[in-house]
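Here is a short tour to go with the model you are about to open. Keep the viewer at hand, and follow along topic by topic.

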Amino acid sequence: MSSREEHILELLIGPQHPASGHMRLVAEVDGDVVVSLKPDIGYVHRTVEKLAETKNYIQIVPLVERPPLADTANHNLGYVLAVERLLGIEAPPRAQWLRTLLAEMNRIHSHLYGLGIHGIMLGSSTAFMWTFGDREIMIEMAQRLTGARLTYSYMIPGGVRRDLPPGFAEEMEKALRYLERRLPDYDKIFFSNPVTRARLEGVGVLKKEDAIRLGIVGPNLRASGVPYDIRKVEPYCAYPELDFQVVTREEGDSMARLLVRVGEIKESINMIRQILKKLPDGPILEERYLKMIPPKWKDWMAEKGRIKIPAALVSLKPPKGEAVARVEAARGEVVFYVVSDGSPKPYRLRMVTPSIRNVVLFEHLIRNCRVADIPAIYGSIDYFPPEADR
Amino acid sequence: MMQIIEWLMDLLLSPWVFVPLVYPGLISAFAVLLFIIWLERKIAAKVQMRYGPLYVLKQLGGVIQLVADLLRYLFAEPIIPREADKIPFIFGPILLFASSYLSTVAIPVSYDFYAFRSDISLLVVLGITTLAPAFNLIIGWGSNNKFGLIGGLREGYLITADEIPMFVTALAMAILYGTMDLVKMVEIQVDWAWGILLNPLAAVTFFVLMLFSTSRFPFEIVEADSEIVMGPFTEYSGILYGLTMGASYVKLYVLSLLFAILFLGGWEPVPQFLSGTILGPGLVLFAKALVVMFLQVFMRSVYPRYRIDHALRLAWHILFPLSLVSVFVSFAALTGWWL
């Protein structure tokens with residue numbers, strides 16, 4: 001037995017472990033120091049890409065939003081944008097703004113979710129309960145807008161399913177004010193807690209050049225001082241007309257990643273206010289499909305504020321070709337690549353989620369950290385196994 | 001017949017049976033265990049805007065929830081892993097629990113009610129409580145689980161770091177009072193003032209060290225569930241798990257009683273309506289200990305957990321020097337310079 005083997009203890013963290021998520025972390029520890037850590041992913045692979053080849057285009061909308069729990073709207077948006085590019089259409093302005101509204105609501109929801117998981121991983125059950133409780137507000141508002149709590153399937157090629165319900169703006173303003181009141185509370189109990197700071201500051205530092213080299217995306221990239229945000233770089237929907245900052249920090253440690261998310265929650269609150277103020281009037285479905293709806297259904301639609309999905313949308317047949325769309329989801333950039341062979345089913349769907357690009361961070365950041373840093377770093381990169389496994 | 005009952009009552013109420021068996025010994029330790037865990041969960045629930053335990057005896061806010069849990073533990077099958085070292089695996093939790101509560105025998109509950117009076121009862125209490133974590137190490141080793149092993153080793157690091165300052169802090173109070181007899185300590189506090197006023201530094205240090213040695217937040221490092229599942233107790237189930245979980249709370253109870261005697265004037269002052277009764281002083285002491293326990297378990301709602309190297313650095317670099325300084329504070333208080 002070599003001296004290395006005598007020192008090293010192989011620790012299998014997960015998949016049955018309180019903080020491993022749906023994956024196995026193969027850690028090699030030397031005393032309290034983690035020598036290497038390899039994430040073994042794939043436990044929740046559900047063949048989204050292959051299943052997509054057997055479904056109509058509109059049936060794929062619910063499919064792509066299943067893997068990224070809490071961040072469903074952004075993935076939905078990415079897919080729908082890709083299909084629209086394939087069809088050569090664009091949603092009317094009001095639909096674009098409503099999409100942006102739900103995407104930002106979902107970003108707040110997803111960040112609160114991530115912060116809660118991070119909290120419980122560090123042992124702060126209060127942070128967990130508070131953020132998970134307050135995420136309910138965004139769920140409730142999304143339910144009023146879309147009729148569903150988590151998997152909205154709100155955006156369809158050509159528009160959105162529902163119009164803004166009456167009184168939504170006032171209710172939303174109340175919700176946002178409540179959230180703004182709560183953020184200082186989180187700060188007191190969790191972000192500025194001396195124990196949290198001791199656990200996170202200087203832990204898992206990701207250097208700027210490493211972040212770029214490894215292809216990290218989203219808040220994790222921005223926490224290393226790279227102001228890269230698809231919403232600014234390649235604006236889509238209503239983002240060009242919204243006034244918002246890209247939140248960045250220079251430190252690149254776990255604390256910075258946490259605080260970037262907090263900053264993004266604040267930015268999203270601002271954006272939702274702007275959207276509700278500037279929301280343009282008009283139809284919420286593309287003209288081409290709106291024409292296909294019979295007049296009596298048009299009355300129903302005007303009364304209910306909903307879309308009757310026309311048959312042409314159900315069996316969409318995009319022309320032969322391919323399209324790419326990328327959007328800034330809560331956890332980072334998500335890319336959809338759709339190839340059509342002219343049939344009602346896509347020839348190929350490629351879905352690149354932010355989590356699969358951020359999982360490499362584990363191996364990179366955890367080297368020479370402590371055993372207790374594994375959950376601290378895990379929570380800080382907001383990695384979500386089902387999203388990575390698809 | 002009457003004589004037998006009388007004899008039995010005499011035996012039961014005699015201090016050397018009553019103290020280890022009823023108060024502050026086994027039965028009240030169990031009662032406190034059930035109550036304090038419920039209280040901890042209820043406080044956390046209040047802070048976190050939820051109900052906490054509720055449905056077992058709803059009228060009183062689910063106060064007997066832990067009785068239900070205990071029954072469940074009793075009837076659950078204690079699974080003993082095939083690869084585990086059987087004898088330490090089974091006897092570890094039992095000895096852990098026993099050594100946690102054993103030191104209650106040396107705790108007096110009034111001037112004339114104690115199992116035995118000794119010149120060094122302070123040392124006896126501290127000495128026996130220090131014994132308990134050693135069984136955590138044995139449990140961690142015996143359960144043949146890597147998480148258990150790491151948890152046991154963590155316990156090993158932490159006891160050396162927290163028990164030494166704790167002894168020194170207690171020693172500071174012993175120097176101040178000029179005795180290690182807990183009964184005499186209370187007498188002296190009646191003459192002078194509460195220990196927390198005489199030596200506040202020692203009180204604060206002792207309080208933090210209590211959090212440390214009973215693995216309360218932010219020092220819940222041994223059982224850190226997001227890192228090492230349940231530490232030394234990972235492989236346990238059924239009543240054996242119940243014992244391991246209860247042991248740290250019982251230790252908290254013992255140290256809270258000790259804290260009340262060292263710093264909070266023990267069973268003095270006894271209020272007017274309780275004076276003269278045999279239970280009065282005991283109840284006062286109990287109430288003070290409960291307040292201390294309340295503060296200790298409240299930390300769960302406030303703090304995340306420290307990393308072990310931070311905690312060790314805190315213990316050796318800050319708490320240990322502070323405990324030494326508290327010895328000098330005691331000397332200063334003795335010379336009258338302090339007051």
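Is Ala70(A) buried or exposed? Ala70(A) is buried, because 24 other C-beta atoms lie within 10 Å and 20 or more is the cut-off for that label. Please keep in mind throughout that this is a predicted model. The points below start with backbone details, then move to the sheet, the chain contact and the helix pairs.

**Backbone details**

- Ala70(A) is not a glycine, yet its phi is positive, at about 80°.
- You will find Ala70(A) in the loop that links helix 3 (60-65) and helix 4 (72-87) of chain A.
- Thr47(A) is another residue other than glycine with a positive phi, here near 50°.
- The loop between strand 3 and helix 2 (48-52) of chain A holds Thr47(A).
- Thr47(A) counts as exposed because it has 12 C-beta neighbours inside 10 Å, and the exposed class covers 12 or fewer.
- In chain B, the peptide bond from Phe217(B) to Pro218(B) is cis, and its omega is near 0°.
- Pro218(B) sits in the loop between helix 10 and helix 11 (225-228) of chain B.

**The three-stranded sheet of chain A**

- Three strands of chain A make an open sheet in the order 1-2-3, with antiparallel pairing.
- Strand 1 and strand 3 of chain A are the edge strands with a single partner each, so one side of each has no neighbour in the sheet.
- From one strand to the next, the twist averages 20°.
- Strand 1 and strand 2 of chain A run antiparallel and are joined by six bridges.
- Across from Ile13(A) stands Leu25(A) in strand 2 of chain A.
- Strand 2 (residues 24-30) and strand 3 (residues 33-40) of chain A also run antiparallel, joined by seven bridges.
- Val26(A) has Lys38(A), in strand 3 of chain A, opposite.
- Strand 2 and strand 3 of chain A form a hairpin with two residues between them, and Gly31(A) in the turn has a positive phi of about 70°.

**Where chain A meets chain B**

- Chain A gives 26 residues to the contact and chain B gives 25 residues.
- On the side of chain A that touches chain B, the elements giving two or more residues are strand 1 (8-13), helix 5 (93-122), helix 6 (125-146), helix 8 (194-200) and helix 18 (373-380) of chain A.
- Helix 6 of chain A supplies the largest share of that side, five residues.
- By class, the side of chain A that touches chain B has 15 nonpolar, eight polar and three charged residues.

**Helix 18 of chain A**

- Eight of the eight residues of helix 18 of chain A are buried, so this helix is largely enclosed by the rest of the structure.
- Among the buried residues of helix 18 of chain A are Asp373(A), Pro375(A) and Tyr378(A).
- Just after helix 18 of chain A, Asp382(A) has a positive phi of about 50°.

**A buried glutamate**

- Glu328(A) belongs to strand 6 (residues 321-329) of chain A.
- With 29 other C-beta atoms within 10 Å, Glu328(A) is buried.
- Not counting residues up to four places away in sequence, Glu328(A) touches Asp229(A), Ile230(A), Arg231(A) and Glu333(A).

**Helix pairs in chain B**

- Two packed helices are described by the angle between their axes and the distance between the axes.
- Helix 5 (residues 86-102) and helix 12 (residues 238-263) of chain B have axes that come within 8 Å and cross at roughly 15°.
- Helix 5 and helix 12 of chain B are therefore roughly parallel to each other, and the crossing is left-handed.
- Residues making this contact include Phe97(B) of helix 5 and Val250(B) of helix 12 of chain B.
- The contact of helix 5 with helix 12 of chain B comprises 10 nonpolar, three polar and one charged residue.
- Helix 7 (residues 146-177) and helix 10 (residues 200-213) of chain B pack at about 150°, with their axes 9 Å apart.
- Helix 7 and helix 10 of chain B are therefore roughly antiparallel to each other, and they too pass in a left-handed crossing.
- Residues meeting here include Met166(B) in helix 7 and Phe206(B) in helix 10 of chain B.
- Nine nonpolar, three polar and two charged residues make up the contact of helix 7 with helix 10 of chain B.

Technical notes:
Residues are numbered from 1 along each chain as its sequence is written. Chains are lettered from A and ligands numbered from 1 in the order in which they are written. This is a predicted model: local features need pLDDT of at least 70, side-chain atom pairs count only at pLDDT 80 or more; totals for chains, interfaces and linings use all residues. Helices (H or I, at least four residues) and strands (E, at least two) are DSSP runs, numbered from the N terminus. Two residues are in contact if their C-beta atoms, placed from the backbone, lie within 7 Å. Ala, Val, Leu, Ile, Met, Phe, Trp, Tyr, Cys and Pro count as nonpolar, Asp, Glu, Lys and Arg as charged, and the others, Gly among them, as polar. Two strands pair if DSSP finds at least two bridges between them. Axes are lines fitted to C-alpha atoms, for helices over the stretch in contact, and angles run from 0 to 180 degrees between N-to-C directions. Angles under 35 degrees count as roughly parallel, over 145 as roughly antiparallel, 65 to 115 as roughly perpendicular and the rest as oblique. A crossing is left-handed if the near helix is turned anticlockwise from the far one by less than a right angle, and right-handed if clockwise.
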